Amino acid sequence: MPLPRYGVAAGTFHSFTRDPSHDFGHWYHGHLTLATPDGPCASALDVDAPTDVGVAYRLVDDLTVEHIATVRALPDGFHPLASTPASGALDYARSPMLQDTAWLAAAAALFRRVRVAVTRPAPGSPAFGPDLADRLAARLPDGTARAFPWVSSNGDNALDVLLPHVRAASRIYVFGQGFDEGVGVHDVHLNQGDPVGSRWYPDNGIWQDGAVVCEHSDGQVVAWQIKFDTQVLTTDDAGHPR
């Protein structure tokens with residue numbers, strides 16, 4: 001079933017740490033803690049994984065407070081969100097604020113369909129991470145298109161991109177699944193597109209994706225996204241790969 005405790009934690013920066021050791025190609029996390037009325041709210045950020053999984057990150061940095069008006073109106077603390085666009089929930093494939101320019105997204109989707117048809121990757125293989133379409137998008141001249149390519153994460157590079165924003169933010173929103181016990185958020189990543197046979201396949205769903213969204217005092221908003229290379233972004237209405 002989709003995530004039962006999906007929501008968003010809102011608060012201000014409290015602390016940020018990394019796992020004490022990092023064996024590249026193994027599970028590795030950043031740890032972001034928010035100050036909230038309920039006490040420190042912890043979140044674990046998956047930024048590296050075994051090579052048969054892989055991780056990618058993306059930074060969308062042209063947003064404003066108008067894009068997050070629904071969740072911005074909430075007081076600090078954790079709030080359950082319905083898995084609908086009206087609730088303020090995020091969906092990497094469907095939230096308008098997270099989409100590249102239409103012609104660029106269509107070209108990238110066509111390239112990926114052709115690549116999959118030719119290479120026929122096995123379900124669950126790490127074949128859906130950053131690719132040529134992302135590398136080309138990163139080289140587009142400024143002003144050509146709205147383009148925020150995915151970047152392969154080695155763990156620290158993804159956290160290095162995020163850290164200046166969380167430290168400078170006037171308010172931070174962490175989207176994901178609330179802890180069973182205590183105050184915190186996990187599943188701060190794409191929560192759909194896991195393949196048949198995956199232990200996470202039953203958790204697939206739309207409008208339940210995790211991210212860290214930073215609001216700055218000048219009204220700028222930045223969204224930091226994470227996905228695993230085994231997950232696809234083309235999903236059906238149940239969040240399953242199609």
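Two strands are taken to pair if DSSP finds at least two bridges between them, and strands (E, at least two residues) and helices (H or I, at least four residues) are DSSP runs numbered from the N terminus. The model is a predicted one, in which local features need pLDDT of at least 70 and side-chain atom pairs count only at pLDDT 80 or more, while totals for chains, interfaces and linings use all residues. Residues are numbered from 1 along each chain as its sequence is written, and side-chain values use heavy atoms, with hydrogens and water left out.

## Strand β10 and its partners

In strand β9, V213 stands opposite A223 of β10, and β9 and β10 pair in the antiparallel sense over 4 bridges. These two strands form a hairpin with 4 residues between them, and G219 in the turn has a positive phi of about 95°. Strand β10 (residues 220–228) also pairs in the antiparallel sense with strand β4 (residues 55–64), over 8 bridges. Within this second pairing, T64 has Q220 as its bridge partner, and L59 stands opposite W224. Strand β4 is in turn joined by 2 bridges to strand β6 (residues 151–152), again in the antiparallel sense, with Y57 opposite V151.

Burial is expressed here through relative accessible area: buried means under 20%, exposed over 50%, and partly exposed in between, with a 1.4 Å probe and protein chains only. Because 8 of the 9 residues of β10 are buried, the strand is largely enclosed by the rest of the structure.

A salt bridge requires a side-chain nitrogen of Lys or Arg within 4 Å of a carboxyl oxygen of Asp or Glu. The side chain of K227 does reach the backbone oxygen of F128 at 2.9 Å and the backbone oxygen of Q231 at 2.8 Å.

## Salt bridges

Side chains of opposite charge can pair when their charged atoms come close.

| Pair | Distance |
|---|---|
| R18 and D156 | 2.8 Å |
| R72 and E215 | 2.9 Å |
| D134 and R112 | 3.0 Å |

The salt bridge between R18 and D156 has its closest N and O atoms 2.8 Å apart. Since R18 lies in strand β1 (residues 6–18) and D156 in helix α4 (residues 156–168), the pair ties together parts that are 138 residues apart in sequence. R18 is partly exposed, with a relative accessible area of 26%, and D156 is likewise partly exposed, at 23%.

The side chains of R72 and E215 meet in a salt bridge, and this pair links helix α1 with strand β9 across 143 residues. R72 counts as partly exposed at 39% relative accessibility, whereas E215 counts as buried at 7%. Helix α1 spans residues 69–72 and holds R72, and the C-alpha atoms of R72 and R171, 99 residues apart along the chain, are separated by 9.0 Å.

The side chains of D134 and R112 also meet in a salt bridge, which links helix α3 with helix α2 across 22 residues. D134 is buried, with a relative accessible area of 6%, and R112 is partly exposed, at 27%. Both residues belong to a network of salt bridges that links R112, R115, D131 and D134.

## Surface and backbone features

Helix α2 (residues 102–119) contains L110, which is partly exposed with a relative accessible area of 47%. Together with V114 and V118, L110 makes a nonpolar surface patch of about 290 Å². Patches are made of residues with over 30% relative accessible area and no salt bridge, with like charges joined within 9 Å and nonpolar side chains (Val, Leu, Ile, Met, Phe, Trp, Tyr) within 5 Å.

R120 lies in the loop between α2 and α3 (132–138); its phi is near 45°, a positive value in a residue other than glycine, and at 69% relative accessibility R120 counts as exposed. W207, in the loop between β8 (184–186) and β9 (211–215), has a phi near 55°, also a positive value in a residue other than glycine, but W207 is buried, with a relative accessible area of 10%.

Definitions and conventions
Areas by Shrake-Rupley, 256 points an atom, 1.4 Å probe, with all protein chains shown as cover. Polar contact = N/O pair within 3.5 Å; in protein donor to acceptor, adjacent residues only side chain to side chain.
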